[in-house]
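Please open the model and follow the points below in order.

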Amino acid sequence: MIHRFFDDRTGSNAYLVWDEETREGFVLDLGVPPGTVRAYAEERGIAVKYLILSHGHYDHAYYADDYAPLFPGVPLLCHEDDKKILSDPMANVSALIGKPTAYPLPDQTLADGDTVTVGTQVWQVLHTPGHTPGCICLYNAEQKRMLTGDTLFADGGFGRFDFKYGDKTTLGQSLHRLFSMDGDTVIYPGHGRTSTLREEHRTLGYFERY
């Protein structure tokens, strides 16, 4: 199961993902207040095993310091290449909104091909750099679902590459990788609504004319 949370302050989505049988789950992105997420999980008996960042920008890590007290002992995970984003207020964009912040570094790092397992669900880590060096997507092949962070949005969108450490060429390569996968895969982006890879294949056209 996947439940989307949204926060007006950050304008970003966060997701609670769990296995219905074992009630084990993880949270992707920390741009919503932790109390809201914990209350939802507790009401449904969901044990959160991991806190994961799709990347290190402020709107996805905004409440990171507040999660540890409410989710004690739950490790924070992100890609190795975004540690420098989290610790750099210019790179994580917090300085550009007038609130320069260094966010917590991960307890564990992720790499392409790693897996995150909750109950019987296996989510593969796809390293999709470009928006940031350490952007990741999480892909469940059995369920044909993908959490795309800011790599890919619905309605022909993709993450900006003009922030510090962004790279247009690398983002294009990441998008080509996603669109080589099963088009029926439902995507859950870091902003906006859900869609499918097939519906968003047009993004490549938008991107190449950018």
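1. Find H131 in the loop between strand 8 (121-127) and strand 9 (136-140). Strands here are DSSP runs of E with at least two residues, numbered from the N terminus. This is a predicted model: local features need pLDDT of at least 70, side-chain atom pairs count only at pLDDT 80 or more, and totals for chains, interfaces and linings use all residues. Residues are numbered from 1 along each chain as its sequence is written, and side-chain values use heavy atoms, leaving out hydrogens and water.

2. Is H131 buried or exposed? H131 is buried, because its relative accessible area is 3%. The cut-offs are under 20% for buried and over 50% for exposed, with partly exposed in between (1.4 Å probe, protein chains only).

3. Next, the surroundings. Neighbours within four places in sequence aside, H131 is in contact (heavy atoms within 4.5 Å) with H55, H57, D150, G159, R160, F163, G166 and L171.

4. Two of these contacts deserve a look. The side chain of H131 makes a polar contact with the side chain of H57, at 3.0 Å. The H131 side chain also reaches the backbone oxygen of R160 at 2.6 Å. A polar contact is a pair of N or O atoms within 3.5 Å; within protein, one must be able to donate a hydrogen and the other to accept it, and residues adjacent in sequence count only if both atoms are side-chain atoms.

5. Two strands pair if DSSP finds at least two bridges between them.

6. Strand 10 (residues 145-149) and strand 11 (residues 186-189) pair in the parallel sense, over 4 bridges. L147 has Y188 in strand 11 as its bridge partner.
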